[in-house]
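Q: Please walk me through how to read this model, one feature at a time. I'd like the general idea first, then the case at hand.

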Amino acid sequence: MDLFLQRVFDAITNGSTYALIAVAMVLIFKATTLINFAQGEQAILGAFAVLQLWYWGIPMWGAVIIGMLFSAVLAAGLERVFIRKFDPADHLPLVIITLGLFLVINAIAAIVWRFDPQSFPQLFPSGNAFTYNNVRLTWYSIFAFGSCVLVLVVFQTLLTKTKIGLAFRAVSSNLESSRLSGIKIGPTLQFGWALAAAAGTLGASIYAANPVLQIEPSMMLRALIFSVTAAALGGLDSLWGALIGGLTIGFVQSVVVQYIPFIPNEMSLSAAVVVLLIVLTLRPSGVLGTKAVERV
Amino acid sequence: MTTPLLRVERLEARYGPVQVLHGIALSVYEKEIVVVLGANGAGKTTVLRSISGMVETSGLIEIGGESIKKLNPSEIVRRGVAHVPQGRGTFPELTVEENLKVGAFIRSDKDISNDIETCYESYPVLYERRTQTAGSLSGGEQQMLAVSRALMSRPQLLLMDEPSLGLAPQIVEDLFARFVTMNQDQGTTMLIVEQNAQLALDIAGRAYVLESGEITLEGQAEELAKDDAIRRAYLGA
């Protein structure tokens with residue numbers, strides 16, 4: 001039982017960070033039905049920027065906020081330069097562009113910050129919030145989860161209560177009628193890219209601040225796969241689905257591998273994908289995703 | 001003669017290598033209902049999309065005497081042109097009320113909620129369903145919502161692309177009756193493209209017939225309704 005509980009707590013820790021990257025992807029997917037494969041790399045670049053700012057003496061949380069702004073501005077620029085000139089309805093060129101961005105950003109991060117893992121300063125109080133026998137719930141887990149929920153609440157509010165949020169949802173729902181209602185499509189999607197990148201940077205910073213991990217340019221590679229899986233599992237167009245998806249993937253990763261001995265630890269990635277397959281077979285649009293509705 | 005609200009001259013439009021409109025001319029005066037009749041593929045939708053700035057065109061398009069040719073769709077809406085596109089003019093994932101708010105996107109005045117109230121008074125069913133998603137409405141209700149959405153921008157000119165498409169006959173009649181009321185009560189100017197010639201000619205003042213991208217006939221709706229060629233082609237007589 002203790003072991004199980006511990007695994008659940010581990011799941012929350014990992015799941016929350018996957019969810020933050022997944023939320024970023026969901027946001028862009030909602031608007032464009034495009035999966036931004038560069039999301040994880042944009043996030044790690046943001047996290048490196050945070051680290052750099054901290055090296056320069058800026059307090060950690062200040063660095064995180066500046067890093068989020070930096071990656072938002074960068075993403076807005078990327079959208080303007082590489083994405084906007086393409087037809088949003090034609091996905092293949094866009095997918096290739098995001099894959100290209102993935103490679104380029106990864107290379108830039110590696111050139112500037114090298115491949116050697118570096119330790120990332122703590123974002124949250126260290127130590128355990130709760131211990132019982134051998135079960136430990138760290139403050140890190142609680143704050144990681146809390147940050148994720150906070151981001152979701154902020155996004156939810158932005159999307160439902162503000163004019164730009166409404167425009168963003170209108171664009172995701174019907175591109176043509178949005179245009180005909182006077183919404184400027186480009187800047188609206190750009191807003192989505194910026195918001196997604198800020199969330200991604202927060203996610204990557206929290207991920208790197210995990211006391212058991214160190215930051216290095218390829219660290220998001222694995223997280224990216226878990227995050228895409230999480231996003232698809234929760235429903236690619238559902239913000240809260242991303243959290244459910246993230247937690248589920250975290251859970252599968254830690255629990256299944258613990259209890260099903262014939263699955264070696266190295267296979268935890270595949271286990272997550274198998275769960276995704278099962279869920280999507282039963283619910284093709286994910287746990288909370290909107291079913292495709294078409295008027296006949 | 002007064003300046004028409006909408007004036008189109010020598011309008012040509014093409015999709016890639018295919019030329020769809022071959023130099024058409026039409027005009028709509030304030031408070032008029034003008035209808036463009038035509039079969040599938042005649043270019044009716046393209047006429048409206050050209051006016052809204054959704055396709056590349058050459059020729060002249062003026063609103064109130066000013067050219068709107070170089071403007072993009074979001075600027076054209078701000079010049080007072082609202083467009084209800086064919087079939088799917090709503091935002092299915094958004095609630096009815098949010099649809100109306102998107103319609104008012106270009107406005108920042110304080111009357112928006114008043115206009116939403118007015119819309120609910122004309123269409124009580126939209127009030128009942130204000131928190132439901134537009135996608136859950138019936139076809140007729142969606143069309144009402146699409147029209148209301150367009151009206152929320154307080155347009156000078158309302159463009160409607162086959163409002164009757166896919167709707168049951170009595171719903172179409174009801175919808176068209178509402179267009180007449182809107183036209184008489186609020187003086188809403190409308191340019192409607194339709195295949196349903198009977199009803200369209202009933203409510204329109206003037207009409208144009210579009211065939212293969214050219215205007216082949218134009219005149220008072222009453223007279224066109226008596227025209228033998230029209231009766232054979234569109235009225236099944």
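**Reading the two chains**

Q: What share of the contacts in chain B with a separation of 6 or more do residues 24 or more positions apart account for?
A: A contact here means two C-beta atoms, placed from the backbone, within 7 Å. In chain B, residues 24 or more positions apart make up 68% of the contacts with a separation of 6 or more. For chain A, 73% of contacts between residues at least 6 apart in sequence join residues at least 24 apart. Before we go on, some housekeeping: residues are numbered from 1 along each chain as its sequence is written, while chains are lettered from A and ligands numbered from 1 in the order in which they are written. This is also a predicted model, where local features need pLDDT of at least 70, side-chain atom pairs count only at pLDDT 80 or more, and totals for chains, interfaces and linings use all residues.

Q: How many helices and strands are there in chain B?
A: Elements are DSSP runs numbered from the N terminus: helices are H or I with at least four residues, strands are E with at least two. Chain B has 10 helices and 10 strands. Chain A has 11 helices and two strands, and its order along the sequence is α-α-α-α-β-β-α-α-α-α-α-α-α.

Q: Why is chain B called as compact as a globular protein of that length?
A: You compare the radius of gyration, taken over C-alpha atoms, with a globule rule of 2.2 Å times the number of residues to the power 0.38. Chain B comes out at 17 Å, close to the 18 Å from the rule for 237 residues, so it counts as that compact. Its C-alpha trace spans about 45 × 40 × 40 Å along the principal axes. Chain A, with 296 residues, has 19 Å, which agrees with the value near 19 Å for a compact globule. The box for chain A is roughly 60 × 50 × 35 Å.

Q: What percentage of the residues of chain A count as buried?
A: Count the other C-beta atoms (placed from the backbone) within 10 Å of a residue's own: 20 or more is buried, 12 or fewer exposed, in between partly exposed. By that count 49% of the 296 residues of chain A are buried, and 45% of the 237 in chain B.

Q: Which residues touch the most other members of the largest nonpolar core?
A: In soluble globular proteins, nonpolar side chains tend to be buried together. A core here is a set of buried Ala, Val, Leu, Ile, Met, Phe, Trp, Tyr and Cys residues joined through C-beta atoms within 7 Å. The largest has 160 residues, and Ala19(A), Ala22(A), Val23(A), Val26(A), Val35(B) and Leu159(B) touch the most other members. Helix α1 (residues 2-32) of chain A gives the largest share, 16 residues. Beyond its neighbours within four places in sequence, Val26(A) contacts several residues, including Ala231(A), Leu236(A) and Leu239(A).

Q: What do the buried residues of α3(A) pack against?
A: Start with the span: the expected value is 1.5 Å times one less than the number of residues. Helix α3 (residues 60-83) of chain A has 24 residues and reaches 32 Å, close to the expected 34 Å. Its buried residues, among them Val64(A), Gly67(A) and Phe70(A), pack against α2 (39-55), α4 (91-113) and α8 of chain A. Ser205(A) sits in that α8 (residues 185-208), and it touches Val64(A) and Gly67(A), among others. Ser205(A) is buried because it has 30 C-beta neighbours inside 10 Å.

Q: Is Asn133(A) buried or exposed?
A: Exposed, because it has 9 C-beta neighbours inside 10 Å. Asn133(A) is in the loop between β1 (128-132) and β2 (135-138) of chain A, with a positive phi of about 45 degrees although it isn't a glycine. Glu162(B) also has a positive phi of about 45 degrees, yet Glu162(B) is buried, with 22 other C-beta atoms within 10 Å.

Q: How many residues of chain B are in contact with chain A?
A: Interface size is often given as the accessible area lost when the parts come together. Here we count residues: 24 of chain B contact 17 of chain A. On the chain B side, α2 (73-78) and α3 (96-103) each give two or more residues. By class that side has 10 nonpolar, nine polar and five charged residues, where Ala, Val, Leu, Ile, Met, Phe, Trp, Tyr, Cys and Pro are nonpolar, Asp, Glu, Lys and Arg charged, and the others, Gly among them, polar.
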